[in-house]
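This report walks through some features of the structure shown below, taking loops, sheets, helices and cores in turn. Please keep the sequence and the 3D view at hand while reading.

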Amino acid sequence: MAEDGINSFMTGPDEAGRFGIFGGRFVSETLMPLILELEERYEFAKTDPAFWAEMEDLWTHYVGRPSPLYYAERMTKHLGGAKIYMKRDELNHTGAHKINNVLGQIILARRMGKTRIIAETGAGQHGVATATVCAKFGLKCVVYMGAHDVERQAPNVFRMKLLGAEVVPVTSGRGTLKDAMNDALRDWVTNVRDTFYCIGTVAGPHPYPAMVRDFQSIIGKEVRWQLAEQEGEGRLPDTVIAAIGGGSNAMGLFYPFLDDPSVGIIGVEAGGKGVDDRMEHCASLTGGRPGVLHGNRTYLLQDEDGQILEGFSISAGLDYPGIGPEHAWLHDVGRAKYVSITDAEALEAFQLSCALEGIIPALEPSHALAHVMKIAPGLPADHIIVMNMCGRGDKDIFTVAKHLGFDMKI
Amino acid sequence: MGRDMTRIDDTFARLRAQGKKGFVAYIMAGDPDIATSLAVMKGLPGAGVDIIELGMPFTDPMADGPTIQLAGQRALDHHMKMDQVLDMVRAFRKGDAVTPIVLMGYYNPIYARGVDRFLADAVSAGIDGLIVVDLPPEEDSELCIPAQAAGLNFIRLATPTTDAKRLPAVLKNTSGFVYYVSVTGITGGAAAQAADVGPEVARIKQSTDLPVIVGFGINTPEAAQAIAGVADGCVVGSAIVKDIGAGKPVAEVLANVAALAAGAHGATTA
């Protein structure tokens, strides 16, 4: 059914944790036994009805799933082309898709007898989700956050503290998400016996990319039945679109559609000030090349000597020089298309969503919406686009105010 | 391949014949600049260093504490690239044909150069072994197997979490020596305790004839002596790098290295 002689795009990763050449287990020996144990425990949990029953229960009663699939009528009319749906994952408890995955990992951590949870966070959404679930289960929580992000995401820092988490500002490197992940790995290797590392995206050593994808796939699974309910039995989206930093919300939306050839798949990377030689962007696929970092092989922003470059984006959640290995593979085999959107374009989409739909989006999905704005006008009215509104914009109002020249003190 | 004796094997044969423990010193290539770093490196054998571990700078050293992170940053700020690391080894080899050099670092700078090209360059420059932190046995096909085929030793880390079930896999493609990481953690962290390390080293030695060298958390001559006493030798890194980072003169850095080496060499088997 699929092109290029691939029978299915949904069978990865292989036993070595690879999607094609991407993925793998590039970690120090200290972590290796734990990674293998995690893989074993996850493989067991995956087919354990009791595990999924606990997830379903929390998704329904704690998170508020299913999240609505919303027909954005005014946006559709304004753009004058394709019919636009928004998957409202910003309505989840904690305001983003991140909690879908955190619940799964924390339930697993509890089953493994771990008492201390660590996490890295960029925009703070994954940190807030982790702090939230840790509070609910009475687990100790330490969140590593780049010092630069602590500054530009102050509301989320306070939320995490209210929820009882310790927030550690990371000053190494440029103080963004990549450096926070380094320090989280350093903590993990030091406290390996009692600590579980709750990774927030579809990256890191195997089994994380597959595990986080599986937990986030609830997004795409819901879209399948919700769209059928609203548009008729068997109706699939023609295009699904999501923003990509590490790529977990995108993988969650894309995965259930990988083997439906009629569904076009588009990932939107952060183009920052523009994808060019100045490298002031985070578009790993369009502006990077394969390398090894944070436990996996994937596309990375790096110089010719293999030194990792700092990404740049208005959105702290997309500010990462890599991308999940499954995206790298989908890019190489051509199943998904990856594009980039600049800060300025994302800001424009942010404002349009507020004005036309009464939805204040996070800057991350604003990138996805900006690409919808580019392509929708040229598509017919019966072409259905589903974009993932993966987070709400409350955390970003200070950043946006600054860029729009609005003084918040007034 | 039929394994020829490497400089590392020769060094341990000599130490065994002398009844001495080995002392391995780590410095970061190009820290704080190439000239100073090369001057320190040239002085290490004279200070009693048996094997030199030369760090390859990397932007994201996930297994290293602040001391070695900052050393890598200083080197990178002085444009220390892989070409310059190899040039430094060539310059050292002009005056020293016997002291083994082990490159230590992370995989991406090697991968970016291309494994085949890197190995050819490393062999011709006079490098003897590799320690690559983020390449566990599960990824042996990446570099470990090709490196051994090229005649380099591939030195693996064994750690407190390497249990009996896993140890054979860790030892399988290891050569030169086994580097036992004394603590779960990063470089320059908690102090290694001989009472903890001794039984672990004994456990590993039951499964291999290779020398077992202990590193991480060793920063005084006394600690070097205590830890070397329960193993075949020890590695000191952060304590030396800290002196270099503080801007101490080369002679003073080397005097401190000599004291650490004397500690390790003074150890007798417990």
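A:Pro66 is found in the loop of chain A that runs between helix H2 (49–63) and E3, and the peptide bond that joins A:Arg65 to A:Pro66 is cis, with omega about -5 degrees. The model described here is a predicted one. Another cis peptide bond joins A:His206 and A:Pro207, with omega about 15 degrees, and A:Pro207 is found in the loop between strand E8 (195–197) and helix H9 (208–216) of chain A.

## The six-stranded sheet of chain A

Six strands of chain A form an open sheet in the order E3-E4-E14-E9-E10-E13, and the pairing in this sheet is mixed. Strand E3 (69–71) and strand E13 (337–342) of chain A stand at the edges, and because each has a single partner strand, one side of each is left without a neighbour in the sheet. From one strand to the next, the twist averages 30 degrees.

Within this sheet, strand E9 (residues 239–244) and strand E10 (residues 264–272) of chain A pair in the parallel sense over six bridges, and A:Val240 stands opposite A:Ile265 in E10(A). Helix H15 (residues 363–375) of chain A lies across strand E4 (83–87), E9, E10, E13 and strand E14 (384–388) of chain A, and runs at about 140 degrees to E9(A).

## The four-stranded sheet of chain A

A further open sheet in chain A has four strands in the order E1-E2-E12-E11, with antiparallel pairing. Its edges are strand E1 (18–19) and strand E11 (289–293) of chain A, and each has a single partner strand, so one side of each is left without a neighbour in the sheet. Helix H13 (residues 325–333) of chain A packs on this sheet, where it touches E1, E2 and E12 of chain A, and its direction makes about 45 degrees with that of E12(A).

Strand E2 (residues 22–26) and strand E12 (residues 295–300) of chain A run antiparallel and are joined by two bridges, and the bridge partner of A:Phe26 in E12(A) is A:Gly295. E11(A) and E12(A) also pair in the antiparallel sense, over five bridges, with A:Tyr299 in E12(A) as the bridge partner of A:Pro290. One residue lies between the strands in the hairpin of E11(A) and E12(A), where A:His294 takes a positive phi near 50 degrees.

## Two helix pairs

Two packed helices are described by the angle between their axes and the distance between the axes. Helix H14 (residues 343–357) of chain A and H15(A) pack at an angle of about 90 degrees with their axes 7 Å apart, and H14(A) and H15(A) are therefore roughly perpendicular to each other. Among the residues that make this contact are A:Leu347 and A:Phe350 of H14(A) and A:Leu369 and A:Met373 of H15(A).

In chain B, helix H11 (residues 238–245) and helix H12 (residues 250–265) pack at an angle of about 165 degrees, and their axes are 10 Å apart. H11(B) and H12(B) are therefore roughly antiparallel to each other, and H11(B) passes H12(B) in a right-handed crossing. The residues in contact include B:Ile240 and B:Ile244 of H11(B), together with B:Val253 and B:Leu260 of H12(B).

## Nonpolar cores

The largest nonpolar core has 194 residues, and those with the most contacts inside it are B:Phe23, B:Leu54, B:Leu130 and B:Leu143. Leaving aside neighbours within four places in sequence, B:Leu143 is in contact with residues that include B:Tyr107, B:Ile110, B:Leu130 and B:Phe154. A second, separate core has 29 residues, among them A:Ala72, A:Val268, A:Leu318 and A:Ile359.

Conventions. Residues are numbered from 1 along each chain as its sequence is written. Chains are lettered from A and ligands numbered from 1 in the order in which they are written. This is a predicted model: local features need pLDDT of at least 70, side-chain atom pairs count only at pLDDT 80 or more; totals for chains, interfaces and linings use all residues. Side-chain values use heavy atoms; hydrogens and water are left out. A nonpolar core is a set of buried Ala, Val, Leu, Ile, Met, Phe, Trp, Tyr and Cys residues joined through side-chain atoms within 4.5 Å. Buried means under 20% relative accessible area, exposed over 50%, partly exposed in between (1.4 Å probe, protein chains only). Contact means heavy atoms within 4.5 Å. Two strands pair if DSSP finds at least two bridges between them. Axes are lines fitted to C-alpha atoms, for helices over the stretch in contact, and angles run from 0 to 180 degrees between N-to-C directions. Angles under 35 degrees count as roughly parallel, over 145 as roughly antiparallel, 65 to 115 as roughly perpendicular and the rest as oblique. A crossing is left-handed if the near helix is turned anticlockwise from the far one by less than a right angle, and right-handed if clockwise.
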